[in-house]
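Subject: Structure for you to look at

Dear colleague,

Here is the structure I promised to pass on to you, with its sequence alongside. Please have it open while you read the notes that come after it.

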Amino acid sequence: MINLFKFSIFISLLFSYPAFAQLTQEQESAKEKGLTLYQQSDWYDSQPLLEKAAIAGDKTAQYYLAEAIRLSNRYTNAEARKWYEAAAEQGDIYAMLRLSSKNDLCSNIGDCSGKSPNEWREQVIQIAYDRAKKGDTEAMTVLFITKQGFKWLEMAAEAGDPLAQNTLAGIYDDGDGWFLVPGKRERTIEKWYRASAEGGYPRAMYLYASYLFEHDGKKEDVAYWLKKSAENGYINAVGNYALSVAHIPNDLDYPKNIVEAYGLAYLMSNFKGGGTASEDGKRILPKISEKMTTHEINQGILFAKEWERSRPPLSYFVPVYGY
């Protein structure tokens, strides 16, 4: 069974700065449910839940409410800007970063109130510098995003930030960066994916497994990290793990478990969030159930319900400064 304590540690990495508002139990519950829906790309249904905590002054809820509004409208409108500003005034540097963009609606029509994007950019860079000097890895990542130097992302990764480690591995994997020694790029990519996976980032667990698989890594390592990513709720891993335990194909030597495979595909097929998870689940189900009995299918459904009850919710694990 997954260590739910470790999962809560990962969530705290995503929302690392404390939100100073004292929330009621109802507001805290709404916030957590809203954040879960947001991570499932359900940008509409997450909004009324996040708003309950945002109104109470919780800056994490304010930032993600603004993100949900922006994504659902495909631009930063006045309502999203209001919540970005509320979070920024409480020190949220990612909110400041969004406000520094000139691509929002009010900037384009010249109807912005308050600070200009340039003023927000100057402020976020200064605050990020101050925090980075004190070892704040999130601030280091913001300095990288604001083009203050690639070294800041490397520093955040070296300091143990799993999201920075995963980002750095992805950049190297895309071919960026200079490596003169043959094989050094591959070893460095593997190093940072592994570090991020070991640091508890479920998305990196899957990417690390994929990288090992594509580069002839140890089969048992691929199987271990794919399963661990699925158990931690990363949607892409769940679908691939389901096919693997169904032996479609048998390339990782998992014990064949058609009931478990069906349960995971069934879980995905009933996913209510955005993206392609539901369609992927519905596509996988017939492949798995082709030779199953009615009893096995019913057992698979029971497995799905138990998995859903005892494991973290399915998630895309969107980075804080994501889409």
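Predicted model: local features only at pLDDT ≥ 70, side-chain atom pairs only at ≥ 80, totals over all residues.

Residues are numbered from 1 along each chain as its sequence is written, and side-chain values use heavy atoms, with hydrogens and water left out.

Helix pairs

Two packed helices are described by the angle between their axes and the distance between the axes. The axes here are lines fitted to C-alpha atoms, for helices over the stretch in contact, and the angles run from 0 to 180 degrees between N-to-C directions. Helices themselves are DSSP runs (H or I, at least four residues), numbered from the N terminus.

Take helix α3 (residues 46–55) and helix α4 (residues 59–73) to begin with: their axes come within 8 Å and cross at roughly 150 degrees. The two are therefore roughly antiparallel to each other, a term for angles over 145 degrees, whereas angles under 35 count as roughly parallel, 65 to 115 as roughly perpendicular and the rest as oblique. The crossing of α3 with α4 is left-handed, that is, the near helix is turned anticlockwise from the far one by less than a right angle. On the α3 side the contact (heavy atoms within 4.5 Å) is made by S46, Q47, L50, E51, A53 and A54, and on the α4 side by A61, Q62, Y64, L65, A68, I69 and S72. Sorted by class, these are eight nonpolar, four polar and one charged residues, where Ala, Val, Leu, Ile, Met, Phe, Trp, Tyr, Cys and Pro count as nonpolar, Asp, Glu, Lys and Arg as charged, and the others, Gly among them, as polar.

Helix α8 (residues 117–132) and helix α9 (residues 137–145) have axes that come within 8 Å and cross at roughly 140 degrees, and they are therefore oblique to each other. Their crossing is left-handed, and the contact brings together V124, I125, A128, Y129, R131 and A132 of α8 with A139, M140, V142 and L143 of α9. Nine of these residues are nonpolar, none is polar and one is charged.

For α16 and helix α17 (residues 277–289), the axes come within 7 Å and cross at roughly 150 degrees, so this pair is roughly antiparallel, again with a left-handed crossing.

A single helix

Helix α13 (residues 202–214) has 13 residues and spans 19 Å from its first C-alpha to its last, close to the 18 Å expected at 1.5 Å a residue, the expected span being 1.5 Å times one less than the number of residues. Its buried residues include P202, M205, Y208 and L212; buried means under 20% relative accessible area, exposed over 50%, and partly exposed in between (1.4 Å probe, protein chains only). Just after α13, D216 takes a positive phi of about 55 degrees.

Two residues

S269 is found in helix α16 (residues 258–269) and counts as buried at 10% relative accessibility. Beyond its neighbours within four places in sequence, S269 is in contact with S278, G281, K282 and L285.

L168, in helix α11 (residues 162–173), counts as buried at 1% relative accessibility. Not counting residues up to four places away in sequence, L168 touches F150, L153, E154, A157 and W192. The C-alpha atoms of L168 and F150 are separated by 9.5 Å, with the two residues 18 apart along the chain.

Best wishes
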